[in-house]
Amino acid sequence: MTATLPRVLPSPDGKPVPPPGTAEAFRAFARDLAAGRRPWTAEAAQFIAAQFDQLAAHWDTTRATGRDDPVRDALVRGGSMPQGPCLELGSGTGLFTPILTALFPQVISMDLSMRMLQQANGRSSRRVRADASRLPLTDASVAVIAAIDMLLFPAETARVLAPDGALLWINQLGCDGPLYLPAATVVAALPGTWQATESEAGWGSWAALRRTR
């Protein structure tokens, strides 16, 4: 079940919309991967890591949106967040890590790109390079997963999240983003039964998902 909340944070002018052909190709890949219609391979992981390694040094000034509206709105209106470790997936250069650190007692910043993690020095004290398809965490070990502009790996996400935990699914550019998945698609992909609350904020969108059984 998915509930949609009305927007409260407007979308300002100047949204940096990516080229439609490229964005749609990535969205199709993200949908197929989440649904299990396409495998995640070592070659794909190496390609993605290399791409972000190349972008890391100039990410904050040339690629980042500079807007944290979806993250902040999700934390305010996405329901009560359980206290415990927060896993920040796709943490990148750590632009949003301070927001999470202010709320959760421990934030683990995880990314596939080593150079992106190096750029996050000073923003995150716990940085781990890992492939989200094989998380180096024990079962039910995190209270919250904050996945910001990420590919969805349903089985691993469900495995490491505590039974009463919350998944925050954030797309900084909303449906225009290259990895956008609506909440209903995320719910359908995750094992078990989940409920979601979603909304738009600024240029982006967010969903807060919780397992019901």
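This is a predicted model: local features need pLDDT of at least 70, side-chain atom pairs count only at pLDDT 80 or more; totals for chains, interfaces and linings use all residues.
Eight strands make up an open sheet with mixed pairing, and their order is 1-7-8-6-5-2-3-4. The edges are taken by strand 1 (2–4) and strand 4 (127–129); each has a single partner strand, so one side of each has no neighbour in the sheet. On average, neighbouring strands of this sheet are turned by 20° against each other, direction ignored.

Strand 7 (residues 194–201) runs antiparallel to strand 8 (residues 204–211), and eight bridges connect the two. In this pairing, Ala201 is found opposite Gly204 of strand 8.

**Helix 4**

Buried residues of helix 4 are Asp69, Pro70, Val71, Asp73, Ala74 and Leu75. Their cover includes helix 5 (97–101) as well as strand 5, strand 6, strand 7 and strand 8. After the helix comes Gly79, which has a positive phi near 95°.

Helix 4 also holds a charged pair. Asp73 and Arg77 are four residues apart in this helix, about one turn, and their side chains meet in a salt bridge. Residues three or four places apart in an α-helix point the same way, because there are 3.6 residues a turn. Asp73 counts as buried because its relative accessible area, 4%, is under the 20% limit.

**Salt bridges**

Side chains of opposite charge can pair when their charged atoms come close.

| Salt bridge | N to O distance |
|---|---|
| Asp176 and Lys15 | 2.7 Å |
| Arg37 and Asp32 | 2.9 Å |
| Asp73 and Arg77 | 3.0 Å |

Which parts of the chain does the pair of Asp176 and Lys15 link? Asp176 belongs to the loop between strand 6 and helix 8 (183–189), and Lys15 to the loop between strand 1 and helix 1 (20–35); the two residues are 161 residues apart. Asp176 is partly exposed, at 26% relative accessibility, and Lys15 is partly exposed too, at 27%. Arg37, which pairs with Asp32, is exposed with a relative accessible area of 58%.

**Cysteines**

How many disulfides does a search of the whole structure find? The search finds zero. Cys86 is buried, with a relative accessible area of 0%, whereas Cys175 is partly exposed at 46%.

In soluble globular proteins, nonpolar side chains tend to be buried together. Here the largest nonpolar core has 40 residues, and Trp40, Leu87, Leu89, Trp169 and Leu209 have the most contacts inside it. A second, separate core contains 20 residues, among them Leu75, Met81, Leu100 and Ile148. Leu75 is also one of the buried residues of helix 4.

The surroundings of Leu89 can be listed, leaving aside its neighbours within four places in sequence. Leu89 is then in contact with Met110, Ala132, Leu135, Ile145, Ala146, Ala147, Ile148 and Met150.

Notes
Residues are numbered from 1 along each chain as its sequence is written. Side-chain values use heavy atoms; hydrogens and water are left out. Two strands pair if DSSP finds at least two bridges between them. Axes are lines fitted to C-alpha atoms, for helices over the stretch in contact, and angles run from 0 to 180 degrees between N-to-C directions. A salt bridge is a side-chain nitrogen of Lys or Arg within 4 Å of a carboxyl oxygen of Asp or Glu. Buried means under 20% relative accessible area, exposed over 50%, partly exposed in between (1.4 Å probe, protein chains only). A disulfide is a pair of cysteine sulfur atoms within 2.5 Å. Contact means heavy atoms within 4.5 Å. A nonpolar core is a set of buried Ala, Val, Leu, Ile, Met, Phe, Trp, Tyr and Cys residues joined through side-chain atoms within 4.5 Å.
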